[in-house]
Each structure stands twice: as structure tokens, then as C-alpha cells.
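Subject: Structure handover

Hello,

I am passing the structure below on to you. My notes on what was found in it follow.

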Amino acid sequence: ANFLTNIVEATFDPHKDKHQEVFAVFELVFNIVFTIELAINMYASWFAPFWKSGWNVFDFLVVTIGLLTTFEVPLPGPFTLLRMMRAFRVFRLFKR
């Protein structure tokens, strides 16, 4: 869903000057859903085994960057680009 939302945003608002409020709501919803998913995954993995999976570390980094941008914490340029890595979470489906 997040991947499709990014495609729709890039198609209909490539300069990000229209519909900012609508896509900001989607961003917030996805951040909340991914944070809940991450918390459940960490709890289910009993925390220590969680860090042994590269996909879990990747999720942790992507969710953390997403939360920091949601709370408008100033980040250096390269870190704000990591937010777009969320689209690559789709590839987890192919690992199985």
C-alpha cells in the first residue's frame, strides 16, 4: 500500500506542491502502522533474536527515520533520503 501511495504521489504531484495535506495523512498512517508492526515483531522475537535478521534491522532503521521526520527532527540530508527506503520493504515478500 505504501509503495502504491508513493507511485500515486509521484504521478499526480511530482513537485509536491499540491495535495500535501492528503499525502501527509497517508505518511502518518503508514508510520503508525509500521511502528506497531515493528513493536509486535520485537516483542515476538524476544528482542535479542530480532537483531539477528538483516530485514528486522532494515525495518528498524526505516521506521526510526520515518518517526524522526514525522516529529520534524532536523536530519542531515542523506538521512532524509532513507525514508524512501520504506518502498523496498516490498522485497521482504520475496525472501520466502
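Read from one end of the sequence to the other, the protein has the pattern α-α-α-α. That amounts to 4 helices and 0 strands.

Please keep in mind that this is a predicted model. The mean pLDDT of the protein is 81, and 80% of its residues reach 70 or more. Confidence is highest in helix α2 (residues 20-44), at a mean of 90, and lowest in helix α4 (residues 77-81), at 69. Where pLDDT is low, the predicted coordinates should not be read in detail.

On the chain as a whole: the protein has 96 residues, and 25% of them count as buried. Among contacts with a separation of 6 or more, 56% are between residues 24 or more positions apart.

The helix pair α2 and α3

Helix α3 covers residues 54-70, and its axis comes within 10 Å of the axis of α2. The two axes cross at roughly 140 degrees. An angle over 145 degrees would count as roughly antiparallel, so α2 and α3 are classed as oblique to each other. Their crossing is left-handed.

Which residues meet where α2 and α3 are in contact? From α2 they are Leu 28, Asn 31, Phe 34, Thr 35, Leu 38 and Asn 41. From α3 they are Asn 56, Asp 59, Phe 60, Val 63, Gly 66, Leu 67 and Thr 70. By type, the residues of this contact divide into 6 nonpolar, 6 polar and 1 charged.

Another residue to look at in α2 is Ala 39. Its relative accessibility is 44%, so Ala 39 counts as partly exposed. The C-alpha atom of Ala 39 is 9.5 Å from that of Phe 60, and the two residues are 21 apart along the chain.

Two glutamates

Is Glu 9 buried or exposed? Glu 9 belongs to helix α1, which spans residues 2-12. With a relative accessible area of 17%, Glu 9 is buried, because the cut-off for buried is under 20%. Apart from its neighbours within four places in sequence, Glu 9 is in contact with Pro 14, Lys 16 and Phe 23. The C-alpha atoms of Glu 9 and Val 22 are separated by 9.7 Å, and these residues are 13 apart along the chain.

Glu 72 sits in the loop between α3 and α4. Its relative accessibility is 68%, so Glu 72 counts as exposed. The phi angle of Glu 72 is near 55 degrees, which is a positive value in a residue other than glycine.

To go through the model in order, you could start with the contact of α2 with α3, then turn to Glu 9 in α1 and end with Glu 72 in the loop between α3 and α4.

Regards

Conventions
Residues are numbered from 1 along each chain as its sequence is written. This is a predicted model: local features need pLDDT of at least 70, side-chain atom pairs count only at pLDDT 80 or more; totals for chains, interfaces and linings use all residues. Side-chain values use heavy atoms; hydrogens and water are left out. pLDDT is the predictor's confidence in each residue, from 0 to 100. Axes are lines fitted to C-alpha atoms, for helices over the stretch in contact, and angles run from 0 to 180 degrees between N-to-C directions. Angles under 35 degrees count as roughly parallel, over 145 as roughly antiparallel, 65 to 115 as roughly perpendicular and the rest as oblique. A crossing is left-handed if the near helix is turned anticlockwise from the far one by less than a right angle, and right-handed if clockwise. Contact means heavy atoms within 4.5 Å. Ala, Val, Leu, Ile, Met, Phe, Trp, Tyr, Cys and Pro count as nonpolar, Asp, Glu, Lys and Arg as charged, and the others, Gly among them, as polar. Buried means under 20% relative accessible area, exposed over 50%, partly exposed in between (1.4 Å probe, protein chains only).
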